[in-house]
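Me: Please take a close look at a single part of this model and describe how that part sits within the whole chain.

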Amino acid sequence: MSDRTTNSIFSSGWGTVLAMAGVAIGLGNIWRFPYMMGRYGGSAFLVIYLVIVLAFGIPALMSEWSLGRRTRRGPWGAFGAAGMPAGRLWSSMILVTVVMAASYYAVVIGWVLQEAMAFLHAAVSARSAVSFAELTAGIPRQLMATGVTVLMGCTIIAFGVRGGIERASRIVIPLFFILFVVLIVRVLTLDGARDGLREFLEPRWENFSFDTALAALGQAVFSLGLGGMFMVRYGSYMSKTDPIPRQAVITAGADTGAALMAGLIVVPAVFAFDLDLSAGPSLMFEVMPEVFARMPAGAWFGVVFFLSVFMVAMLSLIAAYEVIATTLEESLAWSRRRSLLIIAVVEIALALPAYTVAGYIGTSDLIWGSTMQPLGAALAVIALTWCVGRAGTLEEMRSDSGPVVPVFLFYWIKYMIPAAILFILVFGWVEWLSQR
């Protein structure tokens, strides 16, 4: 029986692309990319970003998929199956990283859900939406939003690869792009939006520096969902007939397209109302609600925006839960139901410090998101290229009927990808420490 006929394999190439795009497209596309384009030179940053995605992002994506498909394992078994020394140690480290990162990510997604519900209430009642500070003032309200988010994620993956992950991706990704097109059309009709569009698209090469390239490299790793072993796990669900290079290009294109669409909404809207584009992480929760508050019929557009963001963010979260659940099943022989119950309880408990400790999410993201996930991406590349070897790597990257993958790509992945990730880690920490 072909692997394509089993429920542990994505049903088609289209289903695979949508599932992978669901992992990649997330909160980083919505607030981080527009902010970084505004800070690092408009479309000059975009040009550098596209070059880096082609040179580093796509090859790293191919590597994680290849490792997963070759071993048919998630992070717990992939390193050992590839022949990597101390594989269980690295697997445990990645598991802790995913558990911690998913806990605060669920809190942020819960905030998005709260914003969507607040705008829905405002639209129905014809009142002003409450502020973000009011939404997050009480622990019980935040805990409820996080709980709904966690339980929704666990429920989706309870239906399996095809019935849960793939089906959700088939619904959410097309709907997300449709809703964002609606928002782009509305925003570009605002007075003053053209100035924001010009600011977004005009290249400012005078802003180019080494920091620009480094920021683009970090954004590529962050945006494509690399390093948390999500792509390794999903790669294990790929059919042998799936052409990995082509799927990687399509996934990266969808991810970049989503980020550009977010920029076409956020930047012109912020400029139209003379707000602060450099707000950074607070851009989505403080600046964008003010945009919708000033826009005619803005409450309804606020619902569309935050609901769209919530849906795609959930797809990234379920990838994290799938990694955790399958690790528990493989390492402890737990059932899927027991694994999901433990995940729900632990993730909600780990979310509690985010409500009470100032700066907890920022510090946690620096450790788990900005440091450990890139390290996980490097480990996946090392396991594939150094342990599986050249012949096995090139064979896995090629589909049953696809073209031969050039040998130079293997050496590029083997040496340049880990080196690039090392740069991200070293200079990222140097910059952070210099600001203390």
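Reply: A polar contact is a pair of N or O atoms within 3.5 Å, where, within protein, one atom must be able to donate a hydrogen and the other to accept it. In this predicted model, such a contact, of 3.3 Å, joins the side chains of S223 and N29. S223 belongs to helix α10, which covers residues 210-223, and S223 has a relative accessible area of 2%, so it counts as buried, the cut-off being under 20%. Beyond its neighbours within four places in sequence, S223 is in contact with A24, N29, Y49 and D255.

Turning to the setting of this residue, the protein chain has 18 helices and 0 strands. Its radius of gyration is 21 Å, close to the 22 Å that the globule rule gives for 436 residues, so the chain is as compact as a globular protein of that length. The C-alpha atoms of the chain fill a box of roughly 60 × 50 × 45 Å along the principal axes, and buried residues account for 58% of the 436 residues. Of the contacts between residues at least 6 apart in sequence, 81% join residues at least 24 apart.

Another helix, α7 (residues 139-158), also has buried residues, among them Q142, A145, T149 and G153, and the buried residues of α7 pack against α5, α6, α8, α14 and α15. The end C-alpha atoms of α7 are 28 Å apart, which agrees with the 28 Å that its 20 residues should span. Just after α7, G160 takes a positive phi of about 90°.

Conventions. Residues numbered from 1 in each chain as written. Predicted model: local features only at pLDDT ≥ 70, side-chain atom pairs only at ≥ 80, totals over all residues. Heavy atoms only, no water. Helix = DSSP H or I, 4+ residues; strand = E, 2+ residues; numbered from the N terminus. Buried < 20%, exposed > 50% of the residue type's maximum accessible area, 1.4 Å probe, protein only. Contact = heavy atoms within 4.5 Å. Expected span 1.5 Å × (residues − 1). Rg over C-alpha atoms; globule rule 2.2 N^0.38 Å.
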